[in-house]
Amino acid sequence: MLVLANDGISSKGKEILEGKGFTVITDKINQDNLIEEINKQGIAAVLVRSATKIRKDIIDTCPSLKLIGRGGVGMDNIDVDYARSKGLVVVNTPASSSQSVAELVMGQLFSIARFLPDSYKNMENEDFSVLKKKYAKGVELRGKTLGIIGFGRIGQSLASYAFGIGMNVVAYNRTPCKINVPVFVGDKSVDVEVSTLSDMNDLLVKSDFISIHVPKQENGDAVLSSKEFSKMKEGVRIVNAARGGVIDEVALLDALNSGKVAAAGLDVYENEPNPDSNLLKHPLIACTPHIGAATVEAQDRIGEEIASLVIQHLA
């Protein structure tokens, strides 16, 4: 049985599948040629990350297709409900990359608190003493309040790290809940209970830093736009490692230029893979190219989990 891992799969995941008799194709097929190749080769499962899109046209015209797998959390690049209504299995790996995304967010928080991206860019070409003065107003994370919008696996993992460095955490979740978050000290942990807020506005007014962890909204609206920015503290810092579009990028640029937002860290963008150049060149934005889940450890976990799901449903 043929499995197309069109956005790649870890060597461990490939090995597991091949050990169960599957043939794994890892050569990238262009989006425009997917239907032709799936039908020509009789591919039974397509595994994707965020690049390849599996829409209604593929689902309707590829009768050999039995399973669609997303290596990662969000499945907005797949017509999930439609595929399932046609009898296809659709699976993802929501737990495998949580730690990696949370660690990237922590890196972004430290980075934008101390102007690291902009200072690095300017060190070679500007006067050292001028830069020393320019970047002398960084802030510490310990004792600050981190607001987490969306308290699923990634939000909880981020809270664990934030508690570990002495931050206060407030969280908003669409469905209010109480969660015990483990905070690690070496190989031991202690639980800290977090009760999520029922009103996101409460989070906006309390937070010194905000990180957003929600899927792209079905109606296409941004979760954070000019209305939400107006309610935030002056000088708030924001990170988005969730999905492009959950923050209104034009409103974010306006808030940065006005000083309402002191800095931002972005790993995702509305127009991937061609983000707005105004974001990329802005001195107060730390940009990374959608690498939240891109660690060796996460890729191994994702590969193993997606392989086990394929075996469970198709073997």
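**A look at asparagine 39 and beyond**

Mentor: Let's begin with asparagine 39, which counts as partly exposed because its relative accessibility is 35%. Keep in mind that this is a predicted model. You'll find asparagine 39 in helix 2, which covers residues 34–41. Leaving aside residues up to four places away in sequence, asparagine 39 touches Thr61, Cys62 and Pro63. Isoleucine 58 sits 19 residues from asparagine 39 along the chain, and the C-alpha atoms of the two are separated by 9.9 Å.

From there, let's go to a pair of helices. Helix 1 (residues 11–19) packs with helix 13 at an angle of about 20°, and their axes are 7 Å apart. That angle is why helix 1 is described as roughly parallel to helix 13. The crossing of helix 1 past helix 13 is right-handed. On the helix 1 side, the residues that meet helix 13 are Lys12, Gly13, Ile16 and Leu17. Their partners in helix 13 are Gly303, Glu304, Ala307, Val310 and Ile311. Sorted by class, this contact has 5 nonpolar, 2 polar and 2 charged residues.

Now turn to the loop between strand 13 and helix 13 (296–314), where histidine 290 lies. Histidine 290 isn't a glycine, yet its phi is positive, at about 55°. With 27% relative accessibility, histidine 290 counts as partly exposed.

Look for phenylalanine 115 in the loop between helix 5 and helix 6 (116–122). Phenylalanine 115 has a relative accessible area of 17%, so it counts as buried.

Helix 5 itself deserves a look, together with helix 8. The axes of helix 5 (residues 98–113) and helix 8 (residues 153–164) come within 8 Å and cross at roughly 50°. The two helices are therefore oblique to each other. Helix 5 makes a right-handed crossing as it passes helix 8. From helix 5, the contact draws on Ser98, Gln99, Val101, Ala102, Glu103, Val105 and Met106. Helix 8 answers with Arg153, Ile154, Ser157, Leu158, Tyr161 and Ala162. In terms of class, that comes to 8 nonpolar, 3 polar and 2 charged residues.

Let's finish around helix 11, residues 249–258, working along from its start. Aspartate 248 caps the N-terminal end of helix 11, with a side-chain oxygen 3.1 Å from the backbone nitrogen of valine 250. Within the helix, the buried residues are Glu249, Ala251, Leu252, Leu253, Ala255 and Leu256. Among the elements covering these buried residues are helix 10 (226–231), strand 12 (261–266), helix 12 (277–280) and strand 13 (285–287). Just past the end of helix 11 comes glycine 259, with a positive phi of about 90°.

The loop between them holds proline 273. A cis peptide bond joins this proline to glutamate 272, with omega at about 5°.

Notes:
Residues numbered from 1 in each chain as written. Predicted model: local features only at pLDDT ≥ 70, side-chain atom pairs only at ≥ 80, totals over all residues. Heavy atoms only, no water. Buried < 20%, exposed > 50% of the residue type's maximum accessible area, 1.4 Å probe, protein only. Helix = DSSP H or I, 4+ residues; strand = E, 2+ residues; numbered from the N terminus. Contact = heavy atoms within 4.5 Å. Polar contact = N/O pair within 3.5 Å; in protein donor to acceptor, adjacent residues only side chain to side chain. Axes fitted to C-alpha atoms, helices over the stretch in contact; angles between N-to-C directions. Parallel < 35°, antiparallel > 145°, perpendicular 65-115°, else oblique. Left-handed = near helix turned anticlockwise from the far one by under 90°. Nonpolar A, V, L, I, M, F, W, Y, C, P; charged D, E, K, R; others polar.
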